[in-house]
Amino acid sequence: MKFIGITGGVGAGKSEILKFIKKHYKCKVYMADRVAHEVRLPGTDCHKQLCELLGEDVVGNSKAMAEKLFNNEELLEKVNGIIHPAVRVYLLDEYEKAKQDPETELFFVEAALLIECGYGELVDEMWYVYADRQVRIKRLIDSRQYPIEKIESIMANQLSDEEFRNNSDFVIDNSGSLFSSGEQIRHRLEGYTWLK
């Protein structure tokens with residue numbers, strides 16, 4: 001089984017790429033954002049630690065949590081120091097389970113921060129979903145109605161195209177059609193079962 005990390009900047013189309021992969025391959029797909037939500041649910045060790053740090057009323061309210069962390073680098077670092085290791089443990093557990101499943105050939109994990117969080121040492125391959133800057137801006141305006149200032153701010157806080165490329169084994173150019181991106185993926189995963 002191959003363990004593949006999928007990363008890329010905001011608006012690059014990682015979700016669409018993963019939908020395509022889920023449809024056509026015998027795989028498990030995990031989105032780190034969703035896993036981060038799972039590991040902080042009440043009853044988890046992560047939830048308990050966050051409550052000790054921030055207070056239960058804040059942890060149970062995502063708006064209050066975002067406000068508390070906004071512009072507080074030190075506190076954000078502490079929160080990430082609790083959540084990121086919990087996400088990693090969760091994903092490695094799921095990977096071990098997936099290896100026992102004869103119907104699973106590929107294991108994918110998606111996150112914008114895979115490289116920064118050191119997943120390069122865990123995965124067999126790191127894939128970078130690239131899209132031209134103007135294409136990404138248009139997608140974010142059309143799909144999420146983000147104002148241009150917000151888009152520019154998010155992009156400025158993410159890795160550059162060069163940094164993504166230097167830390168990846170494979171680049172999917174997702175600037176055009178999903179068909180074109182799909183052909184790149186099919187070529188890369190030749191030898192794995194293709195589900196029609």
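Contact here means heavy atoms within 4.5 Å, a handy thing to keep in mind as we look around this predicted model.

**View 1. Helix α1 lies across the strands of the sheet.** Helix α1, residues 14-24, lies across β1, β2, β3, β4 (125-130) and β5. Its direction relative to β2 is about 160°. Helix α10, made of residues 178-188, also packs on the sheet, where it touches β4 and β5. Between the directions of α10 and β5 the angle is about 155°.

**View 2. Five strands form an open sheet with parallel pairing.** Reading across the sheet, the 5 strands follow the order β2-β3-β1-β4-β5. At the edges stand β2 (27-31) and β5 (170-173); each has a single partner strand, so one side of each is left without a neighbour in the sheet. From one strand to the next, the twist averages 20°.

**View 3. Strands β1 and β3 pair in the parallel sense.** Take a closer look at β1 (residues 2-7) beside β3 (residues 106-110): the two are joined over 5 bridges. Within this pairing, Gly 5 stands opposite Val 109 in β3.

**View 4. Asp 57 sits in helix α4.** Our last stop is a helix that spans residues 56-59 and includes Asp 57. Asp 57 counts as exposed because its relative accessibility is 61%, and exposed means over 50%. Along the chain, Asp 57 and Lys 23 are 34 residues apart, and their C-alpha atoms are separated by 40 Å.

Technical notes:
Residues numbered from 1 in each chain as written. Predicted model: local features only at pLDDT ≥ 70, side-chain atom pairs only at ≥ 80, totals over all residues. Heavy atoms only, no water. Helix = DSSP H or I, 4+ residues; strand = E, 2+ residues; numbered from the N terminus. Buried < 20%, exposed > 50% of the residue type's maximum accessible area, 1.4 Å probe, protein only. Pairing = 2+ DSSP bridges. Axes fitted to C-alpha atoms, helices over the stretch in contact; angles between N-to-C directions.
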